[in-house]
Amino acid sequence: MSTGYYAFHQHFGHDTGEDHPEHACRILALEQILKKSGVWDHLTIHEGQAAHLPDILRAHSKAYVDELHLIQPEQGHIMVDEDTTMSSGSLEAALYSVGTTTQALDDLLKNVHHNAFAATRPPGHHAERSKSMGFCFFNNTAVAALRAADVHHLQRIAILDFDAHQGNGTIDILQNDQRFLLLSSFQHPFYPYTHFEQNKYTNLVNVHLSQGATGTEFRQGIEEHWAPALKRFAPELILVSAGFDAHKDDPMAELNLEEQDFAWIGQWIARYCQSRNIPWLAILEGGYDLNALARSATLFIAAMLEKQAIQQTSA
Ligand SMILES: [Zn+2]
């Protein structure tokens, strides 16, 4: 039983410019608190790798991938949508983000670890089949889900997304495909506004959190809506779009979760997976207040380690 931590230095090349909330210090802050808390010493650290194009093309159109290569600037920045900045190193970082996620997936399915965390940036869950959006170019989670199904031949993969924003890209790519169950909790109504309503899709379960919602509402929503759907679906693998921007200090959303709520959801998933011997992979999405992100994600990762580190971290 062990937990893998997958990261890559190429993300430093994804320069989003001054005053952009999604920047390289997010990963640095997380790793600093992981080390300070002692959690780092319990993880098996891996250096990530670049994606293979066929993996990306399961989730994204070739025309879209070609277009990203064409528009990437040689210097300076361009805006790919109103929020998504691209610099000369962005595409390489995005390719490593995907490749690191699929590497972690492959290791899990070879029983190298029982769970793993991929410290990805740029994030992925807003990227649709043919559209960059919300700081995202390629949908790391959807690519991993499709690889698990098509290459590893898994038949039931659950995707749990607790980022403060609905993962519109993941739903766009995996909608109505019965190999995937999409469980989501997010502030509503809120960005990305292209709301994917549950009753329009056969594999989507939404937990709506109103502006100002606390951990109490979050935990209730998970127990009432995610738990029965997971039980019915009986997944062979769980992928987690792990966004930490529902924290009360986060500037990009208006929810009031606290660090212990992220420890709780980590323990909730860990318990579920441990009792059924299901591998699980968490992939970093949002989280923009450095201190809140680092502390929340560290508690979440400590929960992945199960008993020993949970006690150490809370001590
Ligand atoms: Zn978010």
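## Zinc site

Which residues coordinate the zinc ion, and through which atoms? In this predicted model, the zinc ion is held by Asp163 (OD), His165 (ND1) and Asp245 (OD), at 2.0 to 2.1 Å. Along the chain these donors follow the spacing D-x1-H-x79-D. Asp163 and His165 are both buried.

## The sheet

An open sheet is formed by 8 strands in the order E2-E1-E5-E10-E9-E6-E7-E8, with parallel pairing. The edges are strand E2 (44-47) and strand E8 (204-209); each has a single partner strand, so one side of each is left without a neighbour in the sheet. On average, neighbouring strands are turned by 15° against each other, direction ignored.

Helix H4 (residues 90-109) packs on the sheet and touches strand E1 (3-7), E2, E5, E9 and E10. The direction of H4 makes about 165° with that of E10.

Strand E10 (residues 280-284) has 5 of its 5 residues buried, so it is largely enclosed by the rest of the structure. Trp280, Ala282 and Leu284 point one way from the strand, while Leu281 and Ile283 point the other way.

E10 pairs with two strands named here. Strand E5 (residues 115-118) runs parallel to E10 and is joined to it over 4 bridges, with Phe117 as the bridge partner of Ala282. Strand E9 (residues 237-242) is also parallel to E10, through 5 bridges, and Ser241 stands opposite Ile283.

Strand E6 (residues 157-161) is mostly covered, with 5 of its 5 residues buried. Ile157, Ile159 and Asp161 point one way from E6, and Ala158 and Leu160 the other way.

E6 pairs in the parallel sense with strand E7 (residues 180-187) over 5 bridges. Within this pairing, Ile157 has Phe180 as its bridge partner, and Ala158 stands opposite Leu181. The chain passes from E6 to E7 through helix H6 (residues 168-174) in a right-handed β-α-β crossover. E6 is also paired with E9, in the parallel sense over 5 bridges, and there Asp161 stands opposite Ser241.

## Nonpolar cores

The largest nonpolar core has 54 residues, of which Tyr5, Phe117, Ile238 and Phe300 touch the most other members. Helix H8 gives the most to this core, with 8 residues. Apart from this core lies another, of 40 residues, including Ala116, Phe137, Leu204 and Leu239.

What does Phe117 touch, not counting residues up to four places away in sequence? Its contacts include Leu281, Ala282 and Leu284, which belong to E10. Also among them are Gly4, Tyr5, Tyr6, Leu30, Ala242, Phe244, Phe300, Ile301 and Met304.

## Helix H5

Helix H5 (residues 140-150) is mostly covered, as 10 of its 11 residues are buried. The buried residues are Asn140, Thr141, Ala142, Val143, Ala144, Ala145, Leu146, Arg147, Ala148 and Ala149.

Note on methods. Residues are numbered from 1 along each chain as its sequence is written. This is a predicted model: local features need pLDDT of at least 70, side-chain atom pairs count only at pLDDT 80 or more; totals for chains, interfaces and linings use all residues. Side-chain values use heavy atoms; hydrogens and water are left out. Buried means under 20% relative accessible area, exposed over 50%, partly exposed in between (1.4 Å probe, protein chains only). Two strands pair if DSSP finds at least two bridges between them. A crossover is right-handed if, with the strands pointing away from the viewer, the path from the first strand over the helix to the second runs clockwise. A nonpolar core is a set of buried Ala, Val, Leu, Ile, Met, Phe, Trp, Tyr and Cys residues joined through side-chain atoms within 4.5 Å. Contact means heavy atoms within 4.5 Å. Donors are N, O and S atoms within 2.8 Å of the metal (3.2 Å for Na, K and Ca); water is not among the atoms, so sites may look incomplete. Axes are lines fitted to C-alpha atoms, for helices over the stretch in contact, and angles run from 0 to 180 degrees between N-to-C directions.
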